[in-house]
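Subject: A structure for you to look at

Hello,

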Amino acid sequence: MADNDNIVRIQTNFTAGEFDPLLRARIDLEQYRAAAKELTNVVCLPQGGVTRRPGLQYIDTIPSAANPQNGVRLQSFEFSTTQQYVFLFVSNRLYIYKLGELVTNINGTGNDYLDLSSTGIASSNLSELYFLQSADVLIILQQDIEPVQITRGASHSSWTVSNISFEYIPKYAFTVTTAAGSTFASHTHLTPSGIEDTIRLTNKPTNGIFSDPESTYVNQYINVEPYGRIRIVKKISDDELEGFVEIPLASTEDTARADWEFESGYEDVWSSSRGWPRSGTFHEGRLFFGGSKSRPATVWGSVVADFFNFNPGQQLADEAVEATLDTDEVNAINSIVSNRDLLVFTSGGEFFVPQGSLDPIEPTNIIFKVTTRTGSKALKPISTENATYFIQRQGNQLIEYVFQDTDVNYRSQNFSLFSSHLVDDPVDITHVNPTSTSRPHTIILVNQDGTIAAYPFIRYQQVISPSLWTTEGLFKTACTDFDEIYVVVKRTINGSDVYHLEKFDFDFTTDAATQFFGATLPGTTSVTGLNYLEGETVDVVRDDLALQQKTVSSGGITIDVAPTEYVEVGIPYTPIIETLPVETRLPNGNVQGFLKRITEVNLILNSTQSIKVDTEEVSFRNLEDLSLGTGIEFYTGIKTVQPLNGFTEESTLTITQTKPLFFTLLGIEYKVSI
């Protein structure tokens, strides 16, 4: 192949995000031209560009007395459209934050936390807590603790926590015992008042055969030959019971004592000994629970508009429902979700409750239809835009579960297909709703290795733009308060492990950061209030000018000039964009095996203050125009860099920053010599 000195290529966008290394040879994919080899600490914009990821604003340090090293969990709570809270759970404690401020003196106790010691919420089960909200009540489920409800009172510091008091708990016979009618008394016949619905069973002749306490009989069964099954709902007298017919009787004739039996052993399906519900959701006016410790494949639905009442009653349309997944393998329910339909996610597959002609779910029509056999991890899925997203059972894929009109069924598809290397057995998942054209839906996965896989997407345009977020420390848990992402980060500060509550903010360019402005703006060169960063080497930005790094001593630093607008101090982090190897697609073939050299690069920039290409720092102002102490203006346009590197088989560009300032890269035009 002859040398070609003036081949020009342009990467117009990065909407395919970071590519899985296993796709390195797939130059035939259209996404290849819109992807990158590495995207770390950046955000892919739906318009195609890449910008620096939001920095992390420091909110608080979790007290060491709370033992956060044993476990921590975040959850948002929306009391009203104007009052949202972030709940920070540690063992036996709940810290409550409103607008980034810790709520203190909870219930007038002098404590800055709500005591959870009576609930069973402890370090050992924090990762398994399942949250759902109804109006101003947060419900917490976990298979080993009695369901908990947290309610806000009249003020921000007024909160109550208690176990849910169920009006009726479903029954199940873990051990069945039967007694023939002949064991009760001789010459005993039962006479039914009807053959279906609610009836009375009267003993003749009267001899007090039902003389035990009512609890002995209620919710147990009378079975009748040749067929008939009655659930006892009330004791009328020692010779009369009231029951609901689940299997109609043959007639109302007297039933001889040899032709009926008393079936007992039915007990509360949820209890301290049998375990409690594992997951739940609200759907069509009912509270549904999915799975429990002893009944992992069963779904229960409450009475309509009576959420804590699971009484099956007479199986009328608005009474409680119950059904079990009957499959040829174990399908422990991990999550239950209300979306277009009632969705059930299990360890072995995905199910939904079909509703013909949009009929409501009733006791007599609830069935489960299996759709796919992917299997899910025990993390609550995310639902948005008529799709539901969950983590595959092995923890290495993000799955989109969506109804297909053409198939009239649901389909599971690998949402992270081109970037599954970013998904590393996530321990938490949250979702941010779009707030502007440049801030689309974003799924946040907290990986077990302490990184975050961020998945911005526009589903109907098939735009999925993942990147990896890291920090000097480990991300442990995350939640979303409307449009703000809160995280707990484990950091090593001054030789000790600490746990910070921090918040992603696009106005910040450092982590664990504090900004001083307005009334908090230092009037001198001394910046204090940094005790939480004692001993750390920090980045400093004053009035849009990146200063030399400082080391925090005695809770403060000294800068060159007193700020006039703002100063930000925080831990550094580095954005990295590395392009995929150049593929020019010449008319006579591809060039993957040939030596190549990028001779010139044109960076298409928007609102950028600092950027570096390989070893070349891009200049944004001339020395003669530099006025000492002034900030760097935002630049929009094209910057040219040349030359960059020698001939290699894999010519890539690495674009990064050495200063904690803003940048947005819209595209790259480059010249290639082969």
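Predicted model: local features only at pLDDT ≥ 70, side-chain atom pairs only at ≥ 80, totals over all residues.

Residues are numbered from 1 along each chain as its sequence is written, and side-chain values use heavy atoms, with hydrogens and water left out.

A pocket here is an open set of points on a 1 Å grid over the protein atoms alone, where a 1.4 Å probe fits, with protein on both sides within 12 Å along at least five of seven lines, and its lining residues have an atom within 4 Å of a point. The volume is the space filled by probe spheres set on the points, which are joined across faces, edges and corners.

The largest pocket has a volume of about 1,300 Å³, and of the 42 residues that line it, Gln75, Phe131, Lys380, Pro381 and Ile382 are the closest to its centre. Strands (DSSP runs of E, at least two residues, numbered from the N terminus) contribute to this lining, and E7 gives the most, with 6 residues.

The second largest pocket holds about 610 Å³ of space, and Gln31, Phe418, Gln462, Val463 and Ile464 are the closest to its centre among its 23 lining residues. Strand E34 provides the largest share of that lining, 3 residues.

Best wishes

Note on methods: Helix = DSSP H or I, 4+ residues; strand = E, 2+ residues; numbered from the N terminus.
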